[in-house]
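Hello,

Here is the structure I promised to pass on. My notes on it follow below.

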Amino acid sequence: FNWFFHLIHGFRMQLFFLLSGFFTAMLYQRRGLKALLSHRAKRVFLPLVIFTPILIPITEWILTLSRTRQGDAEKFAPSSNAPWLETFNFHHLWFLWFLCLFVLGFVLISKIPKPKLQRKWVNSPRCLIWLIPLTLLPQLWVTRAYPLYGPESSLGLIPIPSVLFYFAIFYGFGATLYHFGDKGVASHWRLKLVLALFILFPTGMLFEWWSIYNAPSIQWLSDLLQVSFSWLMIFGCIGFFREKCTQSSPKMRYLSDASYWLYLAHLPLVFGLQLAIQDWPLSCWIKFPLVNLFSFSLLLLSYHFLVRGKFLGRFLNGK
């Protein structure tokens, strides 16, 4: 389970922010700055403002119950003297806050002259020559108390600078890619996925564990493998979907529409289910798929009957 988590953590939010930057640039190009700000305010900022005071207290309550049962609630309790800005936690909604900041950054950058880029340095494998070193810089600033494959988390109101810079690179490159096209970076996608999954990931995991517990001096090598893995996985996934998923699919469109609601509502439910069954005398190989299946089914049912076609569905996804 640990390896499975690190495999996903190593690229999934990077890919998300790249796609978000891509479609931000598309919306800006087609509808203009005013429409972009209006859209992001309605679809990103308002959901953050509305769902934070609803979902975060529920999540914190379930976590407190879990930690109390395990006898380590005091270890996680914030200091009573700590400033509110330091103790506030967005939990899984942190990505919405980052998107708000990135949109503001996009607006500011759109107002200043930008250097002309050559297509071969953006829409081709050559882009890795500068993307990997650039992404390595914030990755080197990651603070670790334990082995971590991928970026550090930044869940507070004040973002960790290195994490903000790290994800901003993917967001900015996604916006740049819109103007040059993604066909070039998607080429040879099979080779990229093979290199990422079977060479960079396992090697990077081994170096990460070894550097944390035995040889801190080689941490930079683990970081290099990690950022390389992220970019190859992203470009490999883009290539895979460009070739294999070219036809429209009502089922996939339905799941795509539902995904926003599923993500917003999932964390308290998943934590609650884990808490409910943690003492069951069953193997983790049974509990893990059981929690996933049950939570996904409940969330999808709630989307179909309570969200889709209702005010909440229009609020999150538009008409």
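D257 is buried, because its relative accessibility is 17% (buried means under 20% relative accessible area, exposed over 50%, partly exposed in between, with a 1.4 Å probe and protein chains only). This is a predicted model: local features need pLDDT of at least 70, side-chain atom pairs count only at pLDDT 80 or more, and totals for chains, interfaces and linings use all residues. Residues are numbered from 1 along each chain as its sequence is written, and side-chain values use heavy atoms, with hydrogens and water left out.

D257 forms a salt bridge with R308, the closest N and O atoms being 3.5 Å apart (a salt bridge is a side-chain nitrogen of Lys or Arg within 4 Å of a carboxyl oxygen of Asp or Glu). R308 is partly exposed, at 34%. The count comes to eight salt bridges.

R69 pairs with D279, again by a salt bridge, with the closest N and O atoms 3.5 Å apart. R69 lies in helix 3 and D279 in the loop between helix 11 and helix 12, so the pair ties together parts 210 residues apart in sequence (helices are DSSP runs of H or I, at least four residues, numbered from the N terminus). R69 is partly exposed at 48%; D279 is exposed at 57%. R144, E208 and D223 are linked in a network of salt bridges.

Helix 3 (residues 33–70) also holds I50. I50 is partly exposed, at 38% relative accessibility.

Regards

Note on methods:
Helices (H or I, at least four residues) and strands (E, at least two) are DSSP runs, numbered from the N terminus.
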